Structure formats: structure tokens, C-alpha cells
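Thank you all for making time this morning. I would like to walk you slowly through one model, so please have a look at it before I start.

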Amino acid sequence: MTLDLSGRVAVVTGASRGIGYFIAKELAAAGAHVIAVARTVGGLEELDDQIKAAGGQATLVPLDLADMAGIDRLGGAIHERWGKLDILVANAGVLGVISPIGHVEAKTFEKVMTINVTSTWRLIRSVDPLLRLSDAGRAIILSSNAAHSARAFWAPYAASKAAAETMMRSWAHETQSLPLRVNAADPGATRTAMRAQAVPGEDPETLPHPSEIAKRIVPLASPDLKETGLIFQAKHNRFVAYRQPE
């Protein structure tokens with residue numbers, strides 16, 4: 001069934017490249033008005049050109065997510081213009097470094113936590129009231145299998161994604177009696193700049209293109225979605241549930 005998001009308003013962070021770029025394109029193609037957030041103005045303008053060429057609509061928001069007051073202003077501006085928000089895709093993130101945890105510089109660790117955790121919380125805080133005003137609010141928090149595998153040398157990134165998932169789960173429990181649905185999405189290894197930074201010796205042609213992954217994630221924005229508080233594994237195109245340690 002074709003996804004119809006006509007009349008719906010969506011925020012996508014990290015929308016200037018990679019998975020976020022293609023999620024924004026897919027949402028716009030389905031009829032949503034996309035509020036595209038990223039630091040890179042050139043990437044946002046390219047996205048805008050692509051969306052408009054396909055007959056869609058977008059509003060560009062050049063914003064560094066380390067600017068917490070800017071995130072607060074974003075929520076206020078959305079309320080003033082649209083009076084609600086239907087879809088949040090919290091996609092923006094940074095890798096930091098692949099390094100023994102004892103060798104990670106404080107400024108690197110702090111940046112990973114600021115962008116991947118604190119700004120995600122601040123974004124949730126800013127738009128939660130707006131999503132509650134939607135008839136079918138949908139929130140998608142991009143995560144990673146690193147949050148569960150706790151691979152050697154990936155500690156800052158893994159810890160940040162585990163924290164983001166935990167916030168997502170708590171938020172989902174808080175809102176389970178509402179029309180709002182909140183889930184995490186694990187894209188799996190994807191042909192992105194972040195992946196190349198993390199695994200430089202890997203052949204990118206062996207990985208799915210971010211456009212393919214975006215097509216699998218965007219249905220989580222459907223007003224018909226029932227699931228909440230789960231992880232969507234894009235690689236396997238399925239939801240999986242959490243369980244307690246054994």
C-alpha cells in the first residue's frame with residue numbers, strides 16, 4: 001500500500017546527507033511537508049531542489065544541534081506556523097572516534113554525548129507537546145546495533161545510542177495511551193560517510209545505499225502504525241522487542 005502523508009508535518013534532523021537526506025526525500029514524496037534540519041546549508045539546498053523537483057515541499061532549518069536554545073526555538077516556530085507536528089525523525093548523530101575508551105579525549109566524548117544524547121532529549125522536549133497535538137504523532141529515533149553489541153573501541157558511540165534508546169523507551173511508556181507512537185530504528189551497516197569513518201577498509205559497494213534503508217524506515221511514520229517502544233531493524237525489515245538481561 002502506498003504511504004500517504006498528505007497534510008502531515010515532519011521534522012528530520014541530519015537531513016543534509018546520508019540516511020536523513022533520503023528519509024526527508026521519501027517523506028516529501030509521500031506528501032509530508034518536511035522541516036529539514038542540518039548544519040550544512042549546501043546539502044539542505046540540494047535536498048530542497050530535489051524535493052521541489054518532485055513536487056514536494058520543504059522548509060530548511062540550518063541549525064547545529066549543539067545549539068540547545070536553537071532547538072527550543074525550532075519547537076516554538078513549528079507551533080506558531082503549523083500548530084502541531086506529526087512526525088519526528090531524530091537522525092542526526094556523530095561517531096566520535098574508534099578507540100580504546102581510556103584513550104578517548106574528553107572533548108570528543110562530550111561532543112558525542114551532546115549531539116547523540118543531550119540534543120535528542122532537547123529535541124524531544126521541544127516537540128513532544130506538538131506531537132501530542134497530532135491525531136497520529138510518530139517519533140523515530142535513529143539508533144545502532146552498537147547500543148547492544150558494546151563492541152570493543154566503540155564505547156562513546158555505543159553508550160550514546162544506548163542512552164537514546166532508553167529515552168525512547170521511557171517516552172513510549174509515558175505516551176502509550178495516546179495516539180503517539182515512538183520507536184527506534186537501527187539502519188544496520190549502510191553506505192554512509194559515518195560508516196566509512198568507522199570501518200575505513202570496508203568495500204562500500206557491499207553495503208546497502210542509504211536510499212534503500214530510508215525506504216524501509218519511512219513507513220514507521222504511517223498514521224496506521226500500531227507498534228511503540230520497539231526497535232525496527234531495517235536490515236531485516238522487522239520490529240524486535242526489548243528484554244531484561246539474563
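Predicted model: local features only at pLDDT ≥ 70, side-chain atom pairs only at ≥ 80, totals over all residues.

Residues are numbered from 1 along each chain as its sequence is written, and side-chain values use heavy atoms, with hydrogens and water left out.

Stepping back to the whole sheet, there are 8 strands in an open arrangement, in the order β3-β2-β1-β4-β5-β6-β7-β8, and the pairing is mixed. At the edges sit β3 (57-62) and β8, each of which pairs on one side only.

Now to strand β5, residues 138-142, where 5 of the 5 residues are buried, so the strand is largely enclosed by the rest of the structure; buried here means under 20% relative accessible area, exposed means over 50%, and partly exposed lies in between, with a 1.4 Å probe and protein chains only. In a regular strand, the side chains alternate between the two faces of the sheet. In β5, R138, I140 and L142 point one way and A139 and I141 the other way, and all are buried.

What does β5 pair with? Strand β4 (residues 87-90) pairs with β5 in the parallel sense over 4 bridges, and V89 has I140 as its bridge partner in β5. Strand β6 (residues 181-186) also pairs with β5 in the parallel sense, over 5 bridges, and there the partner of L142 is A185.

Finally, two residues in loops deserve a look. F153, in the loop between α5 (146-149) and α6 (155-174), has a positive phi of about 80 degrees although it is not a glycine, and at 48% relative accessibility F153 counts as partly exposed. N237, which is not a glycine either, has a positive phi of about 55 degrees, and its place is in the loop between β7 (231-233) and β8 (238-240).

Technical notes:
Pairing = 2+ DSSP bridges.
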